[in-house]
Amino acid sequence: MGTRRVRRKGDGEFTLFFRKVSPFSNHHPAEFDSDGTINFEKEIKRFSCTEQFYMYNKASLMEDQKLMSAVLKSDNPKAMKAMCSKGALRGWRDSEWNKHKEKVMNIGSKAKYRASPHLRYALFLSTGSQLVECSPFDPVWGIGNDLETVISDSSISLDTGQNLLGKILDRVREELWEDEQYRNEKEEVEKRLKLDADYLLKAMKHVDLMYKERATVRTLISMGHVSRDDQSYLNSEVRQLLPEWALPPPIEKFEPIRASPPVVIDFPRTPSRRSMTPDRISSILKRRRRSSSRLTLDRKVAPEDVPKARGSEEEVTASAKVGTRKEDVKKMTVDRSLRLGEYHGKEEEAEAVLEDVPRVVKKPEGVPKVVKNLEDVPEAIENLEDTPEAPEARRKKKNDDDERRRREHVDRNLEKNDVGFGSRRSGRRRRGSSVGKEEAHRHRRLLNLSIL
């Protein structure tokens, strides 16, 4: 995935990150020393990433020295996490760990960025923005939404999770920013920002690409495909945007964190406004045809019988089953016209042709079963019969027919079951009879009024 700094109207700027390839991830390789453990003597240990530090403290809370040793020997952050999961720890209590977890992460993050100048400078590049971990799997440390989805759709809220890691990194950044020890680094960022108002956006974009390429090189070295790190990812643009001391060191052949191929996405860009060309109109019409029902009489038609309109300017053929809507035949004609460029610049006219077209209700006599050529389409349209009745009239006639059939059905059952006025059994449903209590009472009233 990676890292991306974005601007949102009304919300400000955010630095979004996810996966090990991001320098802000807990799984990102970063060696540092720390003596921060919960239940054991202050002994300085070397850690390979903040995830290892975090899980080591989980094990120390349970006073499990064997597990603490296993976490330190592990070279895979995912394995460290699995070792100290809730199911793997006996007597685990969330309520007890919740008292310590944010403090542990804060200590580990500060040690990480104090030990690595290139990671610290990347953290300083997020100045003026809120750090947000876009983990779709973790709504506690992240926001529970995917990075790619959040970038492509700016309407998605960034408050869907607690984002504890992002908030801790914001605090760590502010603390290091005000530290006199790193005053020169702070001034370097401010100086470059004065020269270019978009410096932080540009620099973060190239830092993201740099760490992705660096992760690829790390994987190739671990697999033996590359013998050494030539730092080809430090191109001229990166060297121009970052000071020399902020560039990452060469990758060593044997690192404490096992290399894995980076998960990289191509961040979506805002599409340019395209004009309505004939090809684009044609593709839009094809999508509409796919999403709508084409046939009104035979809905079990095979795919090869569905109307099509394909070809070039020289030869365009189509096959349309009679009994389809005239709208589909019209669409084929319009599709051909669009391909030939006849509706170029006349989008409204093209849309009007496709609207308010009557439907075919039966197969007329004297019309071939298949329309093979588009030249025959106009003649076929003339021979197709339109329904003479308006939709309201058809609906009213259908309702009247249904009512008439229902009355006839009730009359037959009344005669069969001898249901009359005053009968004690008239309100009961007899076996084999479809006349219910309400229907019997209704017809008794009608009989009393001499309607039936």
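What follows is a set of questions and answers about the words used for this model.

Q: What kind of model is this, and how are its residues numbered?
A: It's a predicted model, where local features need pLDDT of at least 70 and side-chain atom pairs count only at pLDDT 80 or more, while totals for chains, interfaces and linings use all residues. Residues are numbered from 1 along each chain as its sequence is written, and side-chain values use heavy atoms, with hydrogens and water left out.

Q: How many helices and strands does the protein chain have?
A: There are 17 helices and 8 strands. Here a helix is a DSSP run of H or I with at least four residues, a strand is a run of E with at least two, and the numbering starts from the N terminus.

Q: Why are α6 and α10 called oblique to each other?
A: Start with the angle: helix α6 (residues 117-124) and helix α10 (residues 199-223) pack at about 140°, with their axes 10 Å apart. The axes are lines fitted to C-alpha atoms, for helices over the stretch in contact, and angles run from 0 to 180 degrees between N-to-C directions. Under 35 degrees counts as roughly parallel, over 145 as roughly antiparallel, 65 to 115 as roughly perpendicular, and the rest as oblique. So α6 and α10 are oblique.

Q: What makes up the contact between α6 and α10?
A: On the α6 side you'll find His 118, Leu 119, Tyr 121 and Ala 122, and on the α10 side Tyr 199, Met 204, Val 207 and Tyr 211. Contact means heavy atoms within 4.5 Å. Sorted by class, the α6 and α10 contact has 7 nonpolar, 1 polar and no charged residues. In this sorting, Ala, Val, Leu, Ile, Met, Phe, Trp, Tyr, Cys and Pro are nonpolar, Asp, Glu, Lys and Arg are charged, and the others, Gly among them, are polar.

Q: Which handedness does the crossing of α5 and α8 have?
A: It's right-handed. A crossing gets that name if the near helix is turned clockwise from the far one by less than a right angle, and left-handed if anticlockwise. For α6 passing α10, the crossing is left-handed.

Q: How do you know whether Asn 106 is buried or exposed?
A: Look at its relative accessible area: buried means under 20%, exposed over 50%, and partly exposed in between (1.4 Å probe, protein chains only). Asn 106 has 18%, so it is buried. This residue lies in helix α5, and leaving aside its neighbours within four places in sequence, Asn 106 is in contact with Ile 168 and Val 172.

Q: Is Lys 103 buried or exposed?
A: Lys 103 is found in helix α5 too. Its relative accessibility is 61%, so Lys 103 counts as exposed.

Q: What makes β1 mostly covered?
A: In β1, 5 of its 7 residues are buried. Across the protein chain, 43% of the 452 residues count as buried.

Q: How do you know that β1 and β2 pair?
A: Two strands pair if DSSP finds at least two bridges between them. β1 and strand β2 (residues 12-18) have 7 bridges, in the antiparallel sense. Thr 3 stands opposite Phe 17 in β2, and Arg 5 stands opposite Thr 15 in β2.

Q: What makes β1 and β5 edge strands?
A: In the open sheet, 3 strands run in the order β1-β2-β5, with mixed pairing. β1 (2-8) and β5 (130-133) each pair on one side only.

Q: Is Gln 231 buried or exposed?
A: Gln 231 is at 18% relative accessibility, so it counts as buried. Its phi is positive as well, near 55°, and Gln 231 is found in the loop between α10 and α11 (236-241).
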